[in-house]
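This report describes selected packing and pairing features of one protein chain. Please read it alongside the sequence and the coordinates.

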Amino acid sequence: MVRYCYIVAEGPQDVEFLICLLKSYGLKRVTRLSSLDSFWKPLVPTTFPVDDDLMKRVPVPIFLQNTDLSVALHSAIGITRLSNTIEESLALIPASKIFGIGLVLDADDTQTPQRRFEELTSKLSVSCLLVPSVLGEVLKGSPRFGIFMMPNNREPGTLEDVLLQCAQVNYPDLLKLSMDYVSGIDTTQLNQDDLRELNKPAGKNKAVVSSISSILKPGKALQVSIQDNRWVDEKTVELESVKLARTFLDEITGFI
């Protein structure tokens, strides 16, 4: 019997990072609707534009599958959409047939991870889910359910903190050059609007990671580099933060 698992992450970069870990299970990305397991087809939008908005990205999950496991990964675009995305999806597919559901988001730096966890769980109103009281824990209910917070369920931060650790292993020279570049920017030549994103708590880390990505995949989005380059490989999966994410996925998908 196929195990169906549904994972909602905060953004497309998080989704690609998780896909890198899931591929070790022998899962392949589904690129054609005709090859998609019929269980997931209610999650594929059938009209365009979405909500009459020509600029809105079509909110279709990325699907991975093999003969035993089928996974849908949804990018919710921000913490405010995480709980809504789960509720909307479970209104379309039967939760009773899902083996595991996971939420993955950034801890950020404006709150403690625990406070952010409490804020999220207070918004979850899906009756079929047993909501864990401990961050990172996966409850073995039906379905299984857990919440993972980057970088390690304990410290403030984002996916970029994990990627910087990965870069230290596989791209140390690019990491040093990128850090020197970002730290050496003359901010007096930039106005408030120019610096809006850089001055956010995770802004400099995001700039460093994007600088590395721009060398590895010039002109491409960060998620393309995560997919194609050596951010996640046999060496970086030994890092504590990556191991934690992998263990979380192992529990959600039923490998442990």
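The model is a predicted one.

**Helix packing**

| Helix pair | Axis separation | Angle |
|---|---|---|
| Helix 1 (residues 12–22) and helix 8 (residues 240–253) | within 10 Å | roughly 75 degrees |
| Helix 5 (residues 172–183) and helix 6 (residues 203–216) | 9 Å | about 130 degrees |

The axes of helix 1 and helix 8 cross at roughly 75 degrees. Because angles of 65 to 115 degrees count as roughly perpendicular, helix 1 and helix 8 are described as roughly perpendicular to each other. On the side of helix 1 the contact is made by F17, L18, L21 and L22, which meet V242, A245, R246, L249 and T253 of helix 8. By class, the residues of this contact comprise seven nonpolar, one polar and one charged.

Helix 5 and helix 6 pack at about 130 degrees, and helix 5 is therefore oblique to helix 6. The crossing of helix 5 past helix 6 is right-handed. From helix 5, L174, L175, S178, M179, Y181 and V182 take part, and they meet K204, A207, V208, S211, I212, I215 and L216 in helix 6. Ten nonpolar, two polar and one charged residues make up the contact of helix 5 with helix 6.

How many of the residues of strand 7 (residues 144–150) are buried? Seven of its seven residues are, and the strand is mostly covered. In a regular strand, side chains alternate between the two faces of the sheet. In strand 7, R144, G146, F148 and M150 point one way, while F145, I147 and M149 point the other way; all of these are buried.

Strand 5 (residues 98–106) runs parallel to strand 7 and is joined to it by seven bridges. Within this pairing, I101 has F145 as its bridge partner in strand 7. Strand 6 (residues 138–139) instead pairs with strand 7 in the antiparallel sense, over two bridges. The bridge partner of V138 in strand 7 is G146. Strand 6 and strand 7 form a hairpin, with four residues between them.

**A loop residue**

V44 lies in the loop between strand 2 (28–29) and strand 3 (62–65). Neighbours within four places in sequence aside, V44 contacts L33, L36, V60 and F63. Between V44 and K243, which are 199 residues apart along the chain, the C-alpha separation is 31 Å.

Definitions and conventions: Residues are numbered from 1 along each chain as its sequence is written. This is a predicted model: local features need pLDDT of at least 70, side-chain atom pairs count only at pLDDT 80 or more; totals for chains, interfaces and linings use all residues. Side-chain values use heavy atoms; hydrogens and water are left out. Axes are lines fitted to C-alpha atoms, for helices over the stretch in contact, and angles run from 0 to 180 degrees between N-to-C directions. Angles under 35 degrees count as roughly parallel, over 145 as roughly antiparallel, 65 to 115 as roughly perpendicular and the rest as oblique. Contact means heavy atoms within 4.5 Å. Ala, Val, Leu, Ile, Met, Phe, Trp, Tyr, Cys and Pro count as nonpolar, Asp, Glu, Lys and Arg as charged, and the others, Gly among them, as polar. A crossing is left-handed if the near helix is turned anticlockwise from the far one by less than a right angle, and right-handed if clockwise. Buried means under 20% relative accessible area, exposed over 50%, partly exposed in between (1.4 Å probe, protein chains only). Two strands pair if DSSP finds at least two bridges between them.
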